[in-house]
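Subject: Structure for your review

Dear colleague,

Please find below the structure that I am handing over to you, with its sequence. My findings follow it.

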Amino acid sequence: MIISNLKRIVGGLTLGLFIAMHPAKANSDTSDALRSVYQMQTIAFSVLGDYYMFSGLEGDSRYSREMDADIKRFESLIGELTAPGNPIAKLESLGKALNQWQEYKKLIETNRIDFITQGYANARLVGELGPKVMALNEGLQEVYDGLVEENKFKLSKQTQDTRKMGLIIQTITAEYAARSTSSLGQVMVININEGGMDGQAKIFDKLLTKLQATAKTDKRIFKLTDQIGVKWSFINKSVANYNKNAVPFIVNTYGDRITQNLQSVGNHFSAKVQAKK
């Protein structure tokens, strides 16, 4: 316990010293790091959704490739955050989150290999995916919050909202994939969306309305939010009727596009805030 606390203190002091000595670079580095951690959170849920699409569609190779691409992207971001000389790499919470990622990745691979070799996966192990991805998401959120706190970093409200929306859309599409393609889905991911998919959809609706109102003064950003709205309308209706008319392929594809558009909108507002510093 003493050693653990000491590591946390040393990590915080190292980051704090770097910030004090190089404020402009620290702001830029922190902004980039926060973006990377957020991307890692969305990727983790995207991997889960792709796994359910893969297994639910009888081992569809497209989604196996998607999983591989997501895993590669996640580990590329790890490389950036843990690069030599990057003070962020010294945060104890990052090491904890990376261990959680290794556990989650191993479980994904085990279930994928089981499905390929046996034609089905172990229901108990598949059932562990939900808790594992939620633990990883919480670990990454601890890294994210730690970066904001250590640097007293100011994020625009719009960037905060777009990132919240990005996580919501990924958890909804992952659960939708499980429920609409797998007979085990009702059990597997029941705790992925707090308040259920319907509850998270209502939160997304409110945040989207706020975002569209803010974006009216910028034609490019308003166009992006309009595209988000069109795709979200389809997903929202599909979530409400997943038992009657399941369309997992379209929901999965639209979910990824919405996430990309939200990231572009969030980056726009983040850059505006940084430009004022």
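Helix α4, which covers residues 92-118, packs with helix α6, residues 129-151, at an angle of about 160 degrees, and their axes are 9 Å apart. The model is a predicted one. Because angles over 145 degrees count as roughly antiparallel, α4 and α6 are therefore roughly antiparallel to each other. Their crossing is left-handed. On the α4 side, the contact involves S93, L94, K96, A97, Q100, W101, E103, Y104, L107, I108 and N111, which meet L129, K132, V133, A135, L136, G139, L140, E142 and V143 of α6. By class, the residues of this contact of α4 with α6 divide into twelve nonpolar, four polar and four charged.

A second pair is formed by helix α9 (residues 196-214) and helix α10 (residues 219-240), whose axes come within 11 Å and cross at roughly 160 degrees. α9 and α10 are therefore also roughly antiparallel to each other. The crossing in which α9 passes α10 is left-handed. The residues that α9 brings to the contact are M197, D198, A201, F204, D205, L208, L211 and Q212, and those of α10 are F222, T225, D226, I228, G229, W232, N236 and V239. Nine of the residues in the contact of α9 with α10 are nonpolar, four are polar and three are charged.

Helix α9 also packs with helix α7 (residues 157-181), at an angle of about 145 degrees and with the axes 9 Å apart. This crossing of α7 and α9 is left-handed. From α7, the contact draws on K157, Q158, D161, T162, K164, M165, I168, I169, I172, E175, Y176 and R179; from α9, it draws on M197, Q200, A201, I203, F204, L207, L208, K210, L211 and T214. Sorted by class, the contact of α7 with α9 holds twelve nonpolar, four polar and six charged residues. M197, A201, F204, L208 and L211 of α9 are among the residues listed in its contact with α7, and these residues of α9 are also among those that meet α10.

Two residues in a loop may also interest you. E58 is found between α2 (23-56) and α3 (61-81). Its phi is near 60 degrees, a positive value in a residue other than glycine. E58 has a relative accessibility of 66% and so counts as exposed, the cut-off for that class being over 50%. D60 lies in the loop between α2 and α3 as well. With a relative accessible area of 27%, D60 is partly exposed. D60 and D50 are ten residues apart in sequence, and their C-alpha atoms are 9.8 Å apart in space.

As regards the chain as a whole, the protein has eleven helices and zero strands. Read from the N terminus, the order of elements is accordingly α-α-α-α-α-α-α-α-α-α-α. Of the 277 residues in the protein chain, 50% are buried. Among contacts between residues at least 6 apart in sequence, 76% join residues at least 24 apart. The protein chain exposes about 13700 Å², of which carbon and sulfur atoms supply 55%.

With kind regards

Technical notes
Residues numbered from 1 in each chain as written. Predicted model: local features only at pLDDT ≥ 70, side-chain atom pairs only at ≥ 80, totals over all residues. Heavy atoms only, no water. Helix = DSSP H or I, 4+ residues; strand = E, 2+ residues; numbered from the N terminus. Buried < 20%, exposed > 50% of the residue type's maximum accessible area, 1.4 Å probe, protein only. Contact = heavy atoms within 4.5 Å. Areas by Shrake-Rupley, 256 points an atom, 1.4 Å probe, with all protein chains shown as cover. Axes fitted to C-alpha atoms, helices over the stretch in contact; angles between N-to-C directions. Parallel < 35°, antiparallel > 145°, perpendicular 65-115°, else oblique. Left-handed = near helix turned anticlockwise from the far one by under 90°. Nonpolar A, V, L, I, M, F, W, Y, C, P; charged D, E, K, R; others polar.
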